[in-house]
Each structure stands twice: as C-alpha cells, then as structure tokens.
Amino acid sequence: LQLMHRLKQALTDEKLQVWYQPQIDLNTKAIVGVEALIRWQDEDNNFIPPNEFIPVAENSGLIVDIGAWVLKQALEDIQEINQSSAQKMKVSVNVSVTQFKSSSFISQIKRLESENVDLKNLLELEITENVVMDNHNEIILVLNQLKELGIELALDDFGTGFSSLSYLANIPFDTLKIDRAFVINYQEEIGKTILDSIVLLGKQLKKRIICEGIETIDQAEYLRSLQCEIGQGFLYYKPMPLQAFKEILLTPT
Ligand code: G
Ligand code: G
Ligand code: MN
Ligand code: NA
C-alpha cells in the first residue's frame, strides 16, 4: 500500500502520536519549554521517521489534517502537563508551508481561541526559514495575523536556508532556533565563527535564542558562554511520549 494511504489510515485509526522534547535553560538546567514532534508507529510497530512521511503528507495535502490533529493534541497535552508541573510552559508546534497556506489554518486557530484555549500562554509555532523566504508576502500576512492573536513564533532550522537578512527584519518572529549543523562544527575555526555570528545576530535582533542538537557538555558550555539561553538536544533529553515527560517533571532535580 502506498505510504500516503497508510498514513491516512494511521490518522483515522489514531495511530499517530505526539512526542515531546524538553527545552533547557542552559544556566539553571530547568526545563522551560517543550517541542512537540510527531511519531508514527506502523502496523508492525516500526517507527517511520517523520523525514520520510512528512514530505509525503505535504505533497498530498494530508499535512493539513495531520497538522490540525498535532496542534489539538499538543494543546490538550500541555494543559495536562501544566497541571502537574510547578513550571508553566508553552508547547512549540512545527507548522509546514502547506498548513500556513491553507485557508483553514487561521480559522482553526481562531476556533481554539473561541473555545477559550489560552493560546498566548500555551503555544509557540515553529516555521522553517525556507518557508518564509519562498512565500514571503503570503506568509508574512499569516504570521502577522498570528501575532495579532498573541501567538509566539519561532524561526526553525535557522541558518540552513537562504535568508536574506533584509527579509529577516520583516518577519515578526520571537524566537530563533539555531540549527544543530552549527553546533556540530563549533570546534572548527569557520564553524565557530559562524555560530558566534548567528548567536550575536539573534541577540542584536532581540530574539530569544534556542540552540538545537546539543549533544555534549562542551557544546552546552560553549553556548552558555555566548549567552545563548536555551538548549535542546540529546545531552539533556531525546523526544519522549507524554507519560515519560510528565514523570520527568515530577522527579525532583
Ligand atoms: O523528530 P525528528 O527529528 O525525527 O523530526 C524530523 C523532522 O520532522 C523535523 O524537521 C521536524 O521539524 C519535522 N516534524 C516533526 N513533527 C512535525 C509536525 O508535527 N509537523 C510538521 N510539519 N513537521 C514535523
Ligand atoms: O527540524 P526540527 O528542528 O523541528 O527537528 C527537530 C528534531 O531534531 C527532533 O525531532 C529530534 O529528533 C532531532 N534532535 C533533537 N535533538 C537532537 C540532537 O541532540 N541530536 C540529533 N542528531 N538530533 C536531535
Ligand atoms: Mn522544530
Ligand atoms: Na530545527
């Protein structure tokens, strides 16, 4: 059966899951946020990587329904998480270009708002740099509508796309997520120069900075020395099911 049809069936059968990867304050080591990441366990219990099925979902348009489901699930879960945690946090949800361009996206958000979901305090949307660059005017309109609703926006995979710096100034985003490619190369002369420059750029634009893909203590310490406030990566936690995340929050550190 085609991957697309299996994926559609998985959505109908409620076989998709949302997993959570904590975001860490690099100074205090406290969990200050969490990214929602979709997972699909197929009929044989094998995990199919999002990098394989998200493009299929995008090309077929199925991402609109999948994205709506992820958003609803993540908001439901973050409210449950905040009930059992002293530290209140937002959930960051990845949104793909097809979703942003779909007319149902903003109405979905407005419906949630009319249902009194506290979007301002619960939600951050992640959009990749390339999406913003490729569809500039159209996307900016949507982003501005989201900002008017008080929703925070993060620019994901920053540095991997082809940002025009003049465009960057017009995008109403709050958070800059530095791609893990820059963390991997930080010990090389050129890699270090690029990482330093991106963090500085984010700081000077007055953005909140999250560094992704932190795998070693040395990387974390270096980023802390650059005054990058927040980190995400396997050094701290891998993405995990809701239940595991709730248990971590209940465990005293
Ligand atoms: O979790 P993992 O690293 O395997 O994710 C691979 C890619 O899939 C990442 O680029 C991530 O942004 C994307 N992804 C994960 N969950 C979602 C989702 O709910 N919606 C969209 N559009 N992309 C997602
Ligand atoms: O594209 P996006 O930034 O949304 O992708 C996030 C994905 O990166 C997560 O789904 C997660 O699986 C992956 N990831 C998170 N931390 C690390 C890390 O420390 N190392 C590696 N290799 N991947 C990571
Ligand atoms: Mn992301
Ligand atoms: Na990223």
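**Close-ups of a predicted model**

**View 1. Who sits around ligand 1.** In this predicted model, β2 (31–41), α2 (50–60) and α3 (63–83) each bring at least two residues to the shell around ligand 1. The largest share, three residues, is from α2. If you want to pick the shell out by name, look for Leu 37, Ile 38, Pro 49, Pro 50, Asn 51, Ile 54, Gly 67, Val 70, Asn 94, Val 95, Ser 96 and Pro 239. Sorted by class, that makes eight nonpolar residues, four polar ones and no charged ones. As for confidence, the predictor gives the complex an ipTM of 0.97 and a pTM of 0.96, and the protein chain has an average pLDDT of 93, with 99% of the residues scoring at least 70.

**View 2. Inside the largest nonpolar core.** This core counts 55 residues, and the ones with the most contacts inside it are Val 70, Ala 74, Val 91, Val 93, Ile 127 and Cys 211. Helix α3 gives the most to this core, nine residues. Zoom in on Cys 211 and, leaving out residues up to four places away in sequence, you'll find it touching Ile 178, Val 183, Leu 223, Cys 228 and Gly 231.

**View 3. The two faces of α12.** Helix α12 spans residues 217–225, and its buried residues are Gln 219, Ala 220 and Leu 223. These three lie on the same side of α12 because they cover an arc of only 100° around the axis. What do they pack against? The buried residues of α12 meet α10 (180–184), β8 (208–211) and β9 (230–231). Leu 223 is also one of the residues that Cys 211 touches. Turned away from the buried side, the other face carries Ile 217, Asp 218, Glu 221 and Ser 225, which are exposed. After the helix comes Gln 227, with a positive phi near 65°.

**View 4. Asp 157, a positive phi in a strand.** Asp 157 belongs to strand β6 (residues 152–158). Its phi is near 55°, a positive value in a residue other than glycine. Buried or exposed? Asp 157 is partly exposed, because 19 other C-beta atoms lie within 10 Å and the buried class takes 20 or more.

**View 5. Lys 206, a positive phi in a loop.** Look between α11 (189–204) and β8 for the loop that holds Lys 206. Lys 206 isn't a glycine, yet its phi is positive, about 60°. Lys 206 is exposed, because it has 7 other C-beta atoms within 10 Å and 12 or fewer counts as exposed.

Note on methods:
Residues are numbered from 1 along each chain as its sequence is written. Chains are lettered from A and ligands numbered from 1 in the order in which they are written. This is a predicted model: local features need pLDDT of at least 70, side-chain atom pairs count only at pLDDT 80 or more; totals for chains, interfaces and linings use all residues. A residue is near a molecule or strand if its C-beta atom, placed from the backbone, lies within 6 Å of it. Helices (H or I, at least four residues) and strands (E, at least two) are DSSP runs, numbered from the N terminus. Ala, Val, Leu, Ile, Met, Phe, Trp, Tyr, Cys and Pro count as nonpolar, Asp, Glu, Lys and Arg as charged, and the others, Gly among them, as polar. pLDDT is the predictor's confidence in each residue, from 0 to 100. A nonpolar core is a set of buried Ala, Val, Leu, Ile, Met, Phe, Trp, Tyr and Cys residues joined through C-beta atoms within 7 Å. Two residues are in contact if their C-beta atoms, placed from the backbone, lie within 7 Å. The arc is that of the directions from the helix axis to the C-beta atoms.
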